[in-house]
Amino acid sequence: FSPSLSCLSLSPRCPPALALHTCQGLAPCLPEEGQVNTSGPRLLLATLHPASGSSTAMDRIFSALLTSLLLLLQSYGVCGTPPQPRGTLCRTKPTDLVFIIDSSRSVRPQEFEKVKVFMSRVIEGLDVGPNSTRVGVINYASAVKNEFSLKTYQTKAGLLQAVRRIEPLSTGTMTGLAIQFAISRAFSDSEGARVRSPNFNKVAIVVTDGRPQDGVQDVSARARAAGIEIFAIGVGRVDMHTLRQIASEPLDDHVDYVESYSVIEKLTHKFQEAFCVVSDLCATGDHDCEQICISAPGAYKCACKEGFTLNSDGKTCSACSGGSGSALDLVFLIDGSKSVRPENFELVKKFINQIVDSLEVSDKQAQVGLVQYSSSVRQEFPLGQFKNKKDIKAAVKKMSYMEKGTMTGQALKYLIDSSFSIINGARPGVPKVGIVFTDGRSQDYITDAAKKAKDLGFRMFAVGVGNAVEDELREIASEPVAEHYFYTADFRTISKIGKKLQMKICIEEDPCECKSIVKFQTKVEDLIDSLQQ
């Protein structure tokens, strides 16, 4: 019972060969949630966190992300109507699930509330019932408290209400004692656990933020031997060695780390998918696609062969008639605050130029502008000032690092009021894309600027890394939010965001013209392969 991800194509409306390259070469990707809105300009926000690894690792990570962002922009002018989600079938295998939650004194009350939100989100994705999934919660610090057992609540509503009532204990950290309690009490017949069987899973999710005051290795081994699959989630200054002693194999699937409780909710999707048993509706023929069926977790989508485009019904295809690409106004909004650090700022400049390299820059196609912000906002060059890639790249390289605060709200207001104005080179009727890089929490108010951008029709994407603030990302992102904001807890997994962004769709007068995406995808694959080597 290990998490698995299904593979979606880069753009299911592009040639099958491209979809095959994406699935085999670039990695599995998370499912899209709902239909993507294809109208209006796009604003993309990426959040940077100070690097902790080597320069080579950073190169690999940011190449995967930023070249993928470019693919999003490139596809703006070459693909058409998105495939429609046609069917859903996500059933959770009957599971006895017990949360083992650390509420020691190091976990502040507001942080404990984040853990409760995480538990609630996981529960929301389960099939709860006496014959499906049962849920219990163990709360521990110096002592162990059985908040409710597997037999206590048989409905999802009852579980969610019970989770909201849990209070932190605020003393020590006896993780081993809590795991022993799970073995002897929580997973016992008297508390509602079912007899061990291939038809049922027994799962424990341990959440802790520190070093335990007792031993965990032996008791965790006994739990695993008893058939309990253990996931270990560490927060902040947790001892990673302890997590590995607790978790089941393979450790890569069962150990997770987040920098703070404010981002623990990001792990929700992993566990929702881990508990989801999905039928491959395409393989079984349970679909109504005319040409191509693409499997996704709990659903499928229809696509068309090369030379055809998907009709509005989401299942039939029509022959293409040819066409050409559309124009794009692109403005980079770059965070130059002190926390970004000079070496990371140089990496950002490098990857800006990688994006520029793959654009068709001209008066009738892509125009590029660049703005840097920290405690103030500085326009490096406006849209249309440079007419070719060479001049744009040279100007990017010359950009000096401001090295002060993080006024994201002020920067967003500048983007709205100035960068995309006609006086600064913006073209009426041309899609407008902003790519914003920042390193975390804004030091000013972003609500008004974020709302105004959406009211003006900007398509806003928010991408957060490390200590990104979820509320800010959601506030910036367009609807549906699930399609417009992305987060990864650390740089080791940031490439997954890039691969998810590769699936984002675009607007084009001729939805069948996918040759430029195929060409660019090949270039991206070669780059990532070389960096990984």
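**Notebook: disulfide, helix pair and selected residues**

I began with the cysteines and found that Cys 289 and Cys 302 are both buried, where buried means under 20% relative accessible area, exposed over 50% and partly exposed in between (1.4 Å probe, protein chains only). I note that this is a predicted model, in which local features need pLDDT of at least 70, side-chain atom pairs count only at pLDDT 80 or more, and totals for chains, interfaces and linings use all residues. Residues are numbered from 1 along each chain as its sequence is written, and side-chain values use heavy atoms, with hydrogens and water left out.

**Entry 1. The disulfide**

I searched the whole structure and recorded 1 disulfide, the term being a pair of cysteine sulfur atoms within 2.5 Å. The disulfide joins Cys 289 to Cys 302, with an S to S distance of 2.0 Å. I then located its two ends: Cys 289 lies in the loop between helix H10 (281-284) and strand E11 (292-296), and Cys 302 lies in strand E12 (residues 299-303), so the pair ties together parts that are 13 residues apart in sequence. Helices (H or I, at least four residues) and strands (E, at least two) are DSSP runs, numbered from the N terminus. I looked up the torsion about the S-S bond of Cys 289 and Cys 302 as well; it is about -80 degrees, so the disulfide is left-handed.

**Entry 2. The chain as a whole**

I noted 18 helices and 20 strands in the protein chain. Of its 533 residues, 57% are buried. I also looked up the contacts (heavy atoms within 4.5 Å): among those between residues at least 6 apart in sequence, 77% join residues at least 24 apart.

**Entry 3. Helices H5 and H6**

Two packed helices are described by the angle between their axes and the distance between the axes. I found that the axes of H5 (residues 175-186) and H6 (residues 217-225) come within 9 Å and cross at roughly 25 degrees. That makes H5 roughly parallel to H6; angles under 35 degrees count as roughly parallel, over 145 as roughly antiparallel, 65 to 115 as roughly perpendicular and the rest as oblique. The axes are lines fitted to C-alpha atoms, for helices over the stretch in contact, and the angles run from 0 to 180 degrees between N-to-C directions.

I recorded the crossing of H5 and H6 as left-handed, that is, with the near helix turned anticlockwise from the far one by less than a right angle, whereas clockwise would be right-handed. On the H5 side I listed Gly 176, Ile 179, Gln 180 and Ile 183, which meet Val 219, Ser 220, Arg 222 and Ala 223 of H6. By class, this contact of H5 with H6 has 4 nonpolar, 3 polar and 1 charged residues. Here Ala, Val, Leu, Ile, Met, Phe, Trp, Tyr, Cys and Pro count as nonpolar, Asp, Glu, Lys and Arg as charged, and the others, Gly among them, as polar.

I looked up Gln 245, which lies in helix H7 (residues 240-246). Gln 245 counts as buried at 19% relative accessibility. Leaving aside neighbours within four places in sequence, Gln 245 is in contact with Val 216, Gln 217, Ser 220 and Arg 224.

I next placed Val 340 in the loop between strand E15 (328-335) and helix H11 (342-357). Val 340 is buried, with a relative accessible area of 2%. Neighbours within four places in sequence aside, its contacts are Asp 335, Phe 345, Tyr 401 and Asp 439. From Val 340 to Thr 438 I noted 7.9 Å, C-alpha to C-alpha, for residues 98 apart in sequence.

I found Val 144 in strand E6 (residues 144-148), and at 23% relative accessibility Val 144 counts as partly exposed. With neighbours within four places in sequence left aside, Val 144 is in contact with Ile 138, Asn 139, Leu 177, Ala 178 and Phe 181.

**Entry 4. Backbone exceptions**

Most residues other than glycine have a negative phi, and most peptide bonds are trans. I recorded a cis peptide bond from Glu 249 to Pro 250, with omega near -10 degrees. Pro 250 sits in the loop between H7 and helix H8 (251-254).

I noted a positive phi of about 60 degrees at Ser 170, which is not a glycine. Ser 170 is in the loop between helix H4 (156-164) and H5, and it is partly exposed at 38% relative accessibility. Glu 403, not a glycine either, has a positive phi of about 60 degrees. I placed Glu 403 in the loop between helix H12 (389-398) and helix H13 (408-419); its relative accessible area of 39% makes it partly exposed.
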